[in-house]
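Subject: Structure handover

Hello,

Here is the structure for your set. My notes on it follow below.

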Amino acid sequence: MRLRSLTLTAASGAALLAAGVLPANASATSAPRTTPASAQEGTVSASDLLAKVTSCSQISNGKYKTDDETSATVPVCGKNGAVFWKADMDIDCDGQRTTNCNEDRDPWYQDDTAFHQSDGKPLKAESLPYVVVPSSSSIWNYSGAGIKGGGVVAVIYNNKVEYAVVGDTGPTKIIGEASYATAKGLGIDSDPATGGVDSGVTYILFKNSKASPIESHSAAVTLGDQLARQFLANN
């Protein structure tokens, strides 16, 4: 997790533009890819899922910011069998050190995640699609809503669905963050310092679900597809 600074992010982007270079994203040979950027995971379409989350029945006691410098505008919403929010996506590169997730590439890098692999090691943000949930607070307690580590999440952006797991916790007042691999799978710039997207991401978290083991993306996709079909049937 990290407290992202819009000022630092903007400054980094401006410096890159001034230098006439692009952000140093992972190449196809330098890092594993869990899915092609154009992939549609599972059998449920993005449009069908989005049709079920057009209105919000707010379950959080307040709203969240998407970054330190923004106002609190994002509620957590409830549906049958799930909770959801619509926000931005900041890039989380925390966990095991890899080619693109380390202190040199990520100004906010931390070598641990709130939830761990089945062998006890932190998760790998570069290869595992995972989502960050706000740490429990007076605004919202994720565990009280049936959300737990390894829980399955449908992340939707630009008409694509990527299945991820709940892998880390973040600040108590900020929402909208996912791992390097989640961004890459959705075709979002995954650079930990300058990447992400400012809006347009929908996160649907399925209650009382758990991919086993947490580090298996294929397990998350298989279970996520089943839960997504149930979600459509029950809402």
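Is Trp 85 buried or exposed? At 1% relative accessibility, Trp 85 counts as buried (buried is under 20% relative accessible area, exposed over 50%, partly exposed in between, with a 1.4 Å probe and protein chains only).

Before the rest, the basis of the values. This is a predicted model, in which local features need pLDDT of at least 70 and side-chain atom pairs count only at pLDDT 80 or more, while totals for chains, interfaces and linings use all residues. Residues are numbered from 1 along each chain as its sequence is written, and side-chain values use heavy atoms, with hydrogens and water left out.

Aromatic pairs

The structure holds three aromatic pairs. Rings of Phe, Tyr and Trp (for Trp, its six-membered ring) pair if their centres lie within 6.5 Å; planes under 30 degrees apart count as stacked, over 60 as edge-to-face and the rest as tilted. One of the pairs is Trp 85 with Trp 140: the ring centres are 5.9 Å apart and the planes stand at 75 degrees, so the pair is edge-to-face. Trp 85 sits in strand β2 (residues 82-92) and Trp 140 in the loop between β3 (130-134) and β4 (152-157), 55 residues apart. Helices (H or I, at least four residues) and strands (E, at least two) are DSSP runs, numbered from the N terminus. Trp 140 is buried, with a relative accessible area of 5%.

Trp 85 also pairs with Tyr 203, and this pair is tilted, with 5.9 Å centre to centre and 35 degrees between the planes. Tyr 203 belongs to strand β7 (residues 197-206), 118 residues from Trp 85. Tyr 203 is buried, as is Trp 85. Through these ring pairs, Trp 85, Trp 140 and Tyr 203 form a cluster.

Nonpolar core

A nonpolar core is a set of buried Ala, Val, Leu, Ile, Met, Phe, Trp, Tyr and Cys residues joined through side-chain atoms within 4.5 Å. The largest one has 60 residues, of which Trp 85, Met 89, Trp 140, Tyr 203, Ile 204 and Phe 206 touch the most other members. Elements giving two or more residues to this core are α2, β2, β3, β4, β5 (160-170), α3 (180-185), β7 and α4 (217-234). Strand β2 provides the largest share, seven residues.

Leaving aside residues up to four places away in sequence, the contacts of Ile 204 include Leu 49, Phe 84, Val 153 and Phe 231 (contact means heavy atoms within 4.5 Å).

Helix α4

The 18 residues of α4 should span 26 Å at 1.5 Å a residue, and its end C-alpha atoms are 25 Å apart, which agrees (the expected span is 1.5 Å times one less than the number of residues). Among its buried residues are His 217, Val 221, Asp 225, Leu 227 and Phe 231. The cover over the buried residues of α4 includes α2, β1, β2, β4, β5 and β7.

Disulfides

There are two disulfides (a disulfide is a pair of cysteine sulfur atoms within 2.5 Å). Cys 56 is joined to Cys 77, S to S 2.0 Å. Cys 56 lies in the loop between α2 (46-51) and β1 (77-79) and Cys 77 in strand β1, so this link ties together parts 21 residues apart in sequence. Cys 56 is partly exposed at 40% relative accessibility, whereas Cys 77 is buried at 3%.

The other disulfide joins Cys 93 to Cys 101, also with S to S 2.0 Å. It is left-handed, with -60 degrees about the S-S bond. Both Cys 93 and Cys 101 are buried.

Regards
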